[in-house]
Amino acid sequence: MSEVTTFSATVSATTRNGILVVTIDNPPVNATSADVRLGLSRALAHAEAGGAISGLVITGAGKTFIGGADIKEFGKPPVEPMLPDVIETIEALSKPVVAALNGAALGGGLEVALACHYRIASPTAQLGLPEVKLGIVPGAGGTQRLPRLIGIPAAIELIASGRITKAGEALSLGIVDEIAETDLIDVAIDAAQKLVGTPLRRTGELAIASADPAEIEKVSAKLLAKARGQKAPAEAVRLIASSHRPLGEGLADERATFLALRESPEAAALRHVFFAERETSKIAGLEGVEARQVNTIGICGLGLMGSGIAVAALGAGYTVIGLDQTPEAAEKGRERIIGLLERNLASGRLDRAGFDAQTARLSVTATDADLAPCDLVIEAVFDDLDVKIDLFRRLDKAIRSDAILATNTSYLNPDEIAAATQHPGRVLGLHFFSPAHLMRLLEVVRCKETAPDVLATSLNVAKRLRKLPVVTGVTEGFIGNRIFSAYRREAEFLLEDGALPHDIDAALEDYGFPMGLFAVYDMAGLEIAWARRKRQAATRDPSERYVEIADRLCEAGRLGQKSGRGWYAYPDGKRTVDPEVTAIIEAERTKKHITPRSFSQEEIEQRLLGAMAAEGEALLAEGIAARASDIDLVMINGYGFPTHKGGPMFAKG
Ligand code: T1G
């Protein structure tokens, strides 16, 4: 084994057949920290000067090539050499530099690779320039070099969406030159040797293939519509669309744009969300707690939620046993699940082999005892306390005592369900959001008695289901619905005080919500909330302000979009302001002797955001939510709060 040359704490190299193999080892993701940049620049200088060295290979240690620039360095004073300088040295080197992509090459990591003279990917490599997801644009040549390799339209699609692509697509696009089917480093060394003495393809010098302006317009328009007013995607499109200009000019514009966007509130919010998502599964007291093994998941109730949960579990590789009340209901549940899998097959999300494997791991039954092999059982039956308690008492007899029991209830008290079972320590809540096979958010409800290893196991299952788990304590509506109720209440106060549903919805949509509150309300239907209000009527505190407008709508049969009328009217399905609703609201104001006043969008926004934040503070004070950033994640991933605003707790400052 040839000797190792150390260039910095995180960059070292060995020499094989005259090729300097440079390895970046900066756990956890080989981010291009100041030490990595220093080590790389030293290795490049060493190679350029070293007569015995005829070429270089750059690769990463572990499962990542380079996960990007070090986001943790943002906002700190710059430390030379900066990444663009290192990248320009790579591209200008007189000797061949081959990128050996052993794993994720993202952001600055892909920009390093783009400046190399040849790129080889391992079959599992992932590539992308996801900077727009952080509210910025690539800042080290990505918007200028990528179009030189794959053309402007394809570069716009990849960079303005921020999506990650796999090795196969990267090869077909022309981002990488080869996929190593054998040892990546051997293949890379061989490639470098073949390049010695040949004219080097310097990406920055490549001409850009001409593109049809109509195609550029089409791909841009689609992406910018989705970006809903965010700055970074629009700036990325501008930089790529103008990348035919001299490289130096483009790089300077790109760097200035990157630096400006990096200081924007949008970028600060998106960085907050990035780190929040990685904090959320770090639960105090769970360090070192060993999780149980889960291979088989039982799902009770194969309706909309249960079948969605089943599809998520099958997609994560679990064996699924579905239980319903009768063989016919169980069979209907199977059909519903298979129907969802067929949709995944048709959309290309699933290939035929995957479809067959997943359906083979699914069985359904109406017999409790068939759940005996389950390591975890999730119930998604009718949201009634007696029904759930009865089911859990039956399951106590049907499954192993160390199998976990999870309730998907949205509003019932899981502590009461747990208390009715033989082993409360194995009970918790797993509150999925509909559609359960698509929505990332999963509220993990920690009951009073939930054992630590049951919680740890559930967090592992959530991660494998590719969910975003947020642990919550027991309270009515947990984190999300409690905050939703609070700002719905505030919105109804605003109605009584003088605003109208479309004023409030316009303010929320203008802030960045995909849909206003009342439009969402109509889509979800008004009757469930109405039934809950009627249940609560007897115990409602008479001194608390209560708005009866929604009750009047329901009494008038206005139950939402499904009934053709709710907060809006829906002639031919189109949401329309309905004077009848305005009249109902005005009658309620009169009844309460309220003189209506007008509200600016700004005021509506502040009142609603204020209500969310106040409820969030209460959840923190009660110990229901562990951290403010968890509350942000719930509202972003479950209730449409705009990601680029960071969530209600971040937005309030
Ligand atoms: N900088 C600093 N820390 C990072 C990081 C980064 N780029 N990426 C991840 N981490 C931390 C993360 O916070 C967590 O920390 C740990 O690493 C594991 O992360 C110039 C300016 C690479 C696919 O946007 O997508 O390049 O919680 O749980 O699931 O144009 O991390 O352990 O303390 O996500 O194996 C562009 C971001 C940056 C990619 C690995 N790059 N990272 O996933 O691990 S901007 C990105 C990821 C840029 C240039 C611009 C993923 C991953 P902790 P993890 P993972």
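Student: How many residues of domain 2 are in contact with domain 3, and how many residues of domain 3 are involved?

Tutor: The model is predicted, and local features need pLDDT of at least 70, side-chain atom pairs count only at pLDDT 80 or more, while totals for chains, interfaces and linings use all residues. Residues are numbered from 1 along each chain as its sequence is written, and side-chain values use heavy atoms, with hydrogens and water left out.

The chain is divided into domain 1 (5-263), domain 2 (296-472) and domain 3 (480-623); these bounds come from an automatic or database domain assignment. To answer the question, 4 residues of domain 2 are in contact with 4 residues of domain 3, where contact means heavy atoms within 4.5 Å. Taken over C-alpha atoms, the centres of domain 2 and domain 3 are separated by 32 Å.

Both domains also take part in a pocket. The second largest pocket draws at least three lining residues from each of domain 2 and domain 3. Its volume is about 1800 Å³. Of its 50 lining residues, the closest to the centre are Ser410, Tyr411, Asn481, Ala524 and Ile528. Among the elements that give two or more residues to this lining are α12 (304-315), α18 (480-497) and α20 (517-524), but α21 gives the most, with 7 residues. By class, the lining holds 27 nonpolar, 13 polar and 10 charged residues.

Those words need their rules. On a 1 Å grid over the protein atoms alone, a pocket is an open set of points with protein on both sides within 12 Å along at least five of seven lines, a cavity is a set of points where a 1.4 Å probe fits but cannot get out, and lining residues have an atom within 4 Å of a point. Points are joined across faces, edges and corners, and a volume is the space filled by probe spheres set on them. Helices (H or I, at least four residues) and strands (E, at least two) are DSSP runs numbered from the N terminus. Ala, Val, Leu, Ile, Met, Phe, Trp, Tyr, Cys and Pro count as nonpolar, Asp, Glu, Lys and Arg as charged, and the others, Gly among them, as polar.

Next comes a loop residue. Phe478 is in the loop between β19 (468-472) and α18. Its phi is near 50°, a positive value in a residue other than glycine. Phe478 counts as buried because its relative accessibility is 1%; buried means under 20% relative accessible area, exposed over 50%, and partly exposed in between (1.4 Å probe, protein chains only).

The whole structure has 1 cavity of 30 Å³ or more, and the largest cavity holds about 40 Å³ of space. Pro501, His502, Trp567, Tyr568, Val577, Asp578, Val581 and Thr582 line the largest cavity, with α19 (501-511) and α23 each supplying at least two of the lining residues.

Helix α23 (residues 579-591) also contains Glu588, which counts as buried because its relative accessibility is 4%. The side chain of Glu588 makes a polar contact of 3.5 Å with the side chain of Arg552. A polar contact is a pair of N or O atoms within 3.5 Å; within protein, one must be able to donate a hydrogen and the other to accept it, and residues adjacent in sequence count only if both atoms are side-chain atoms. His593 lies in the loop between α23 and α24 (601-621) and is exposed, with a relative accessible area of 73%.
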